[in-house]
Amino acid sequence: MPTKYLLVILLSGIALQAQAKESAADNYKAYCVQCHGMKGDGNGVNIRDMSVIPRDHTDAKAMSARSDETLFKAIKEGGPSIDKSILMPPWGDTLSDEEITDLVKHLRTLCKCSFGS
Amino acid sequence: MKRIIIAALLGFSSTVFAGAEMLQKECASCHNMTGPTAQTLKDAFGKKGPDLFYAGNKYRQEWLVSWLQKPESIRPTGVYYGNHIKPGPKGDEIDTATLTNHIALSKGDATAVAAELMKMKPHDDLIAKEKIEPNLISKQMGEMTFNKFLGCMACHLIEPEYGGFSGPELYTAAKRLQPQYMASFIRSPQAWEPKSWMPNKHLSDVNIQKVVRYLELLSEESANAN
């Protein structure tokens, strides 16, 4: 195979890698755990001085009261977009819509619940 | 006289060489000295120190010289907090046993290394977009913007004993960082590091100016002297 084709293949591989979707578990570990905690129960390392404690993602009752669309909006646009705390920032520039959709599914596994259940 | 000049030149070039050599040998084992920055979370999770390949766009040289001689922790939970926390009885805690100290350099080495780091400026384009306006925001107004409207304290210590732990402390930020860098990073952390733990909160130009000024006020307070 000519070298230039090899190069094209290699370069497109690198470009794909740069845009690759992260797993929901990794995104949760990277961005959510700092406040929502390693167990997802709202007891993250940051909470000591917070005026509002982060949502407990394992709380089936509270989590089932929120639709997937509401959770998506809270992650993408931040707490104030659903009349919740400013301490929950918007992650729309960090995560793609697809990654946020995956994160919502991940939240449903943490609470073992679905909307209205 | 000629001999003195030659000796001085030799001394100067060996200092520069020592700085450059140290960057490659010592610093590169924990810091990204060449770029690009981490493009995947796997790479971001593995970071041991902050990226230094754009150090010249980021740090104040005098702070580098001083900090490298007497390094003290800036990030209570390291570069990636997930590597330095553990579950505790009341929730997650900092796992201090996993944090390591930065090596201290002699004055000569610190000066040489800082001079080399300041040459590393691949992001002049981002810096050139920022203009810091002199403004006279009160500490109270800055604090309101910072805490009530932006919630920076969720992840950052804004006083030695107040705030969150996953981000670097902010009460010394303006001592460490160039004002244009602070403005640019706040405007878009992802322009600097796509996998940054810091979200883009879409601050207006006015609020970026306010926050940078507030960070300067915080660092000027003697209680926050480091």
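A:R48 forms a salt bridge with B:E161 in this predicted model. The closest N and O atoms of A:R48 and B:E161 are 3.8 Å apart. Across the interface of chain A and chain B, the rule finds two salt bridges. Polar contacts were also counted. Between chain A and chain B, 19 residue pairs are in polar contact, with both residues at pLDDT 80 or more.

On the side of chain A that touches chain B, two elements give two or more residues each: α1 (3-19) and α2 (24-36) of chain A. The most comes from α2(A), with eight residues. By class, this side of chain A has 13 nonpolar residues, eight polar residues and seven charged residues.

The interface was also described by its contacts and its area. In chain A, 28 residues are in contact with chain B. In chain B, 39 residues take part in the contact with chain A. The size of an interface is often given as the accessible area lost when the parts come together. For chain A and chain B, the buried area is about 2800 Å². Carbon and sulfur atoms give 56% of that area.

Helix packing within chain A was examined next. Two packed helices are described by the angle between their axes and the distance between the axes. Helix α2(A) packs with helix α5 of chain A, which covers residues 97-111. The angle between α2(A) and α5(A) is about 90 degrees, and their axes are 9 Å apart. Angles of 65 to 115 degrees count as roughly perpendicular. The helices α2(A) and α5(A) are therefore roughly perpendicular to each other.

From α2(A), the residues in this contact are A:A24, A:A25, A:N27, A:Y28 and A:C32. They meet A:E99, A:D102, A:L103, A:H106, A:L107 and A:L110 in α5(A). The residues of the contact of α2(A) with α5(A) divide into seven nonpolar, two polar and two charged.

Two backbone features lie in loops. In chain B, the peptide bond from B:G35 to B:P36 is cis. Its omega is near -10 degrees. B:P36 is found in the loop between α1 (2-25) and α2 (41-45) of chain B. In chain A, A:D83 has a positive phi of about 60 degrees, although A:D83 is not a glycine. A:D83 sits in the loop between α4 (68-77) and α5 of chain A.

How values were computed
Residues numbered from 1 in each chain as written. Chains lettered and ligands numbered in written order. Predicted model: local features only at pLDDT ≥ 70, side-chain atom pairs only at ≥ 80, totals over all residues. Heavy atoms only, no water. Contact = heavy atoms within 4.5 Å. Buried area = accessible area lost by both parts, 1.4 Å probe. Salt bridge = Lys/Arg side-chain N within 4 Å of Asp/Glu carboxyl O. Polar contact = N/O pair within 3.5 Å; in protein donor to acceptor, adjacent residues only side chain to side chain. Helix = DSSP H or I, 4+ residues; strand = E, 2+ residues; numbered from the N terminus. Nonpolar A, V, L, I, M, F, W, Y, C, P; charged D, E, K, R; others polar. Axes fitted to C-alpha atoms, helices over the stretch in contact; angles between N-to-C directions. Parallel < 35°, antiparallel > 145°, perpendicular 65-115°, else oblique.
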